[in-house]
Amino acid sequence: MSAQLRTVAAAQARLVLLGTGTVGSAFVARYQTLQQRQLALPTLDVVANSRIALACADTPERALSQARSAVRSSDEPVHRQQIGRLRVGDIVIDATASEDVAADHAGWLGQGIHVVTANKLGNGTALARARQIADAAASTGACYGDAATVGAGLPLLASLRALVAGGDHIHSIEGVLSGSLAWLFHRYDGSQPFSDCVREAAAAGYTEPDPRIDLSGEDVRRKLLILARAAGVPLEAEQVRVESLVPAALAALPASAVDSALEQLDAPLEAQLRQAQAQGLRLCFVGRLDRDGAHVGLRALPADHALAGGRGTDNRVAIHSDRYNRQPLLIQGPGAGAEVTAAALLDDVLRIVGG
């Protein structure tokens with residue numbers, strides 16, 4: 001971090017929170033908890049969503065509530081209205097899944113504004129965008145905190161970057177990278193249709209409102225891209241082969257018709273489950289990168305496989321490298337949930353202001 005940015009951090013830079021959904025709400029709750037524990041935190045100055053931006057003063061929970069109930073008053077994305085108010089050393093918290101917000105990450109970094117994000121559309125889409133983000137951060141010394149983008153803050157990206165910085169060579173990365181799909185395939189044992197498990201996961205908040213987003217494998221592709229790039233592999237999105245769980249007919253439906261058509265998932269998944277069970281294997285939805293390429297899809301794994309032992313929403317990632325050749329480095333823990341994601345965002349904030 002540059003000397004100028006260190007000075008601003010020491011002076012308690014301002015936080016601007018973008019996103020007032022489950023993660024943004026959990027961020028505000030954890031921020032207030034840490035304040036009560038007397039941690040030195042930057043001032044949470046503004047809470048914003050696509051409709052409104054509100055000053056927090058000393059009541060961020062009130063600003064959050066008002067933002068959640070606001071209606072749009074401008075055609076211009078509200079987060080862009082904040083640009084002129086930000087200064088060098090401020091910290092933008094991206095708790096959205098917005099393409100518009102992700103498109104501004106590099107620009108903020110280029111102005112010396114730190115970005116802390118749970119939004120995978122920054123480093124998890126086009127390689128050109130990921131390079132712009134890295135170049136902008138390098139040019140100003142601003143920090144890009146992305147621990148929350150993969151594994152909800154598990155030490156995945158930090159571990160990969162530390163291995164590479166230490167001269168290690170990464171041979172492969174494979175993992176159960178979706179908390180929702182981890183839960184589904186841990187739950188699905190054939191005693192009920194897969195569609196019932198999907199509805200159960202949606203009701204519990206494990207999936208997106210449209211579960212096809214999870215079942216398509218696109219979320220896992222983005223996470224695999226982020227991991228690959230952290231390992232120094234310049235992978236393009238189209239180089240990742242994705243085997244979606246969503247039949248073409250289900251994929252073509254409007255979102256309002258999805259729930260009543262989820263039974264289209266049942267027969268294909270039951271056939272794969274029965275085949276796996278007959279061989280003593282377990283179904284896991286896995287992303288893998290190795291010298292043969294990158295692939296995302298359903299795999300049948302032995303019960304003693306490094307990725308087959310997780311429970312609930314656990315993410316489980318195995319890294320093979322020169323250092324971890326005979327036995328992989330295995331990182332496991334909760335990979336979904338607003339609370340753990342919010343904690344990861346605040347961890348990155350504390351790292352930035354701590355210098």
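Which element gives the most to the lining of the largest pocket? Let's work towards that by way of the domains. What you have above is a predicted model, in which local features need pLDDT of at least 70 and side-chain atom pairs count only at pLDDT 80 or more, while totals for chains, interfaces and linings use all residues. Residues are numbered from 1 along each chain as its sequence is written, and side-chain values use heavy atoms, with hydrogens and water left out.

The protein chain is assigned domain 1 (14-152 + 339-354) and domain 2 (157-335); these bounds come from an automatic or database domain assignment. Taken over C-alpha atoms, the centres of domain 1 and domain 2 are separated by 27 Å. Domain 1 brings 15 residues to the contact and domain 2 brings 17 residues, where contact means heavy atoms within 4.5 Å.

Now to the pockets. Rolling a probe the size of a water molecule over the atoms shows where empty space is left. On a 1 Å grid over the protein atoms alone, a cavity is a set of points where a 1.4 Å probe fits but cannot get out, whereas a pocket is an open set with protein on both sides within 12 Å along at least five of seven lines; lining residues have an atom within 4 Å of a point. Grid points are joined across faces, edges and corners, and a volume is the space filled by probe spheres set on the points.

The largest pocket has a volume of about 1,000 Å³. Its lining is made of 34 residues, and T22, V23, K120, E208 and D219 lie nearest its centre. Two or more lining residues come from each of α2 (22-36), α9 (179-187), α11 (212-215), α12 (218-230) and α15 (338-353). Helices (H or I, at least four residues) and strands (E, at least two) are DSSP runs, numbered from the N terminus. Here is the answer to the opening question: α12 gives the most to this lining, with four residues. By class, the lining of the largest pocket has twelve nonpolar, 15 polar and seven charged residues. Ala, Val, Leu, Ile, Met, Phe, Trp, Tyr, Cys and Pro count as nonpolar, Asp, Glu, Lys and Arg as charged, and the others, Gly among them, as polar. Because domain 1 and domain 2 both give residues to the lining, the largest pocket lies between them.

Of the 28 residues that line the second largest pocket, N123, Y144, D146, L157 and R161 lie nearest its centre. The elements giving two or more residues to this lining are α7 (127-140), β6 (144-145), α8 (156-165), α12 and α15. Here α7 gives the most, with six residues. The lining of the second largest pocket divides into 18 nonpolar, three polar and seven charged residues.

Let's return to α9. This helix is mostly covered, with seven of its nine residues buried; buried means under 20% relative accessible area, exposed over 50%, and partly exposed in between (1.4 Å probe, protein chains only). Its buried residues are G179, S180, L181, A182, W183, L184 and F185. R187 is also found in α9, but at 30% relative accessibility R187 counts as partly exposed. Leaving aside neighbours within four places in sequence, R187 is in contact with Q192, C197 and E200.

Next comes α10 (residues 194-203), where F194, S195, C197, V198 and A201 are buried. Seen down the axis of α10, these buried residues fall within an arc of 155°, so they line one face of the helix; the arc is that of the directions from the helix axis to the C-beta atoms. The cover over them includes α9, α11 and α14 (266-278). Just after α10, G205 takes a positive phi of about 85°. T207 sits in the loop between α10 and α11 and, at 11% relative accessibility, counts as buried. Not counting residues up to four places away in sequence, T207 touches S180, A201, A202 and D214.

Most residues other than glycine have a negative phi. Q38, although not a glycine, has a positive phi of about 70°. Q38 belongs to the loop between α2 and β2 (43-48) and counts as exposed at 67% relative accessibility. A152, in the loop between β6 and α8, has a positive phi near 50°, and at 9% relative accessibility A152 counts as buried.
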